[in-house]
Amino acid sequence: MSKTDDIGERFAPALLDWYAKHGRHDLPWTRSRSPYHVWLSEIMLQQTQVSTVLGYFSRFISALPTVQALADAPEDQVLGLWTGLGYYSRARNLHKAAKRCVEIHGGAIPDNFAALIALPGIGRSTAGAILSQAFNQPFPILDGNVKRVLTRVIGERDWPGKPAVEKRLWSLAETLMPASDVADYTQAIMDLGATLCTRSKPRCVACPLNELCVAHETGNTGNIPARKPKKPVPERRCAVVWLQDSDGAHFLKKRPETGIWGSLWSLPQFDDVADANAWLAEQGIQEARELPAFRHVFTHFKLEITPVHAVVTRKPQRVREDLPSTWADADTLSTLGMPAPIRKLLETDR
């Protein structure tokens, strides 16, 4: 019997037995396994840890308990519930997909692969997670946790993001998928990657797959999976105008749908402080002060933000011409979708 055949026979039974005893059965989406809950959790968990997602998931479901409620909700509400999770295109696509489910599927989440991947924000792995966990259909997944588990088990030394490697991993994931108990199996392999087969300091002694794992056998868990080849992280700079009236309301502009912080409410942004001051001067505002710059790190670049703060006794009329814009008091701020670093800035005491 080859090593691959041995893995195929023992992998799923060992994983399912471990999950029955040690898996995370108390997660909100594992308790209900409703299609909506599974879908929402999968989108939230992209690039985000479970510990962070739990609070957001609970608040989101409380506010928008059904696909219909999500479809009917204003975009600002959806983005407001998402504020702090980052990667806001996920929320915008979630909203668009809910509308599509209402328009095309009668408010239901489809139970077939082709219809799922046709929805905004749902790719092959997310579709597989929904089908396996919510509908108990044998479709594999290949998220970051699963890639780590599989590359270590077979001793794959190349970066798993390479197309050829990813193709091999998809083939292996399909081969290992059991014919039954697929909902538990899918959650089990994600749980294993999240709790035992972690990026650093994996707990191989407790792993149910350690006898099958090439990386463990050869002492290479620290090198597998290979890290993505590093590229220099570019740095950018900008200035934002933090304009308040005498009552403490903040002037906000809505960001374009595309680009960073798409469709979120934020402060007017400029290339530099000089441009920010020039814009203020056009509004008849002369007294403003430059605040210390702070840095925000995105996936592909770092942004240094310099706030320029001004308080006015009454709202300048010319500002209103620059639409879409609004003056938001403290109560309104909590309902709007905003970039987390901008919300944090507005909550500081100046």
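Reader: How many helices and strands are in the chain, and what counts as one?

Author: Helices are DSSP runs of H or I with at least four residues, strands are runs of E with at least two, and both are numbered from the N terminus. By that rule the chain has 16 helices and 8 strands. This is a predicted model, in which local features need pLDDT of at least 70 and side-chain atom pairs count only at pLDDT 80 or more, while totals for chains, interfaces and linings use all residues. Residues are numbered from 1 along each chain as its sequence is written, and side-chain values use heavy atoms, with hydrogens and water left out.

Reader: What share of the residues counts as buried?

Author: Buried means under 20% relative accessible area, exposed over 50%, and partly exposed in between, with a 1.4 Å probe and protein chains only. Of the 350 residues of the chain, 48% are buried.

Reader: What share of the contacts joins residues at least 24 apart?

Author: A contact is a pair of heavy atoms within 4.5 Å. When contacts between residues at least 6 apart in sequence are taken, 67% join residues at least 24 apart.

Reader: Which residues of α4 are buried, and what do they pack against?

Author: An α-helix has 3.6 residues a turn, so residues three or four places apart point the same way. In α4 the buried residues are V50, V53, Y56, F57, F60 and I61. The buried residues of α4 pack against α2 (28–32), α3 (35–45), α5 (67–72), α6 (75–82) and α7 (89–105).

Reader: Is Q244 buried or exposed, and what is it in contact with?

Author: Q244 lies in strand β1, residues 235–245. Its relative accessible area is 14%, so Q244 counts as buried. Apart from neighbours within four places in sequence, Q244 is in contact with A249, H250, H309, A310, V311, V312 and W327.
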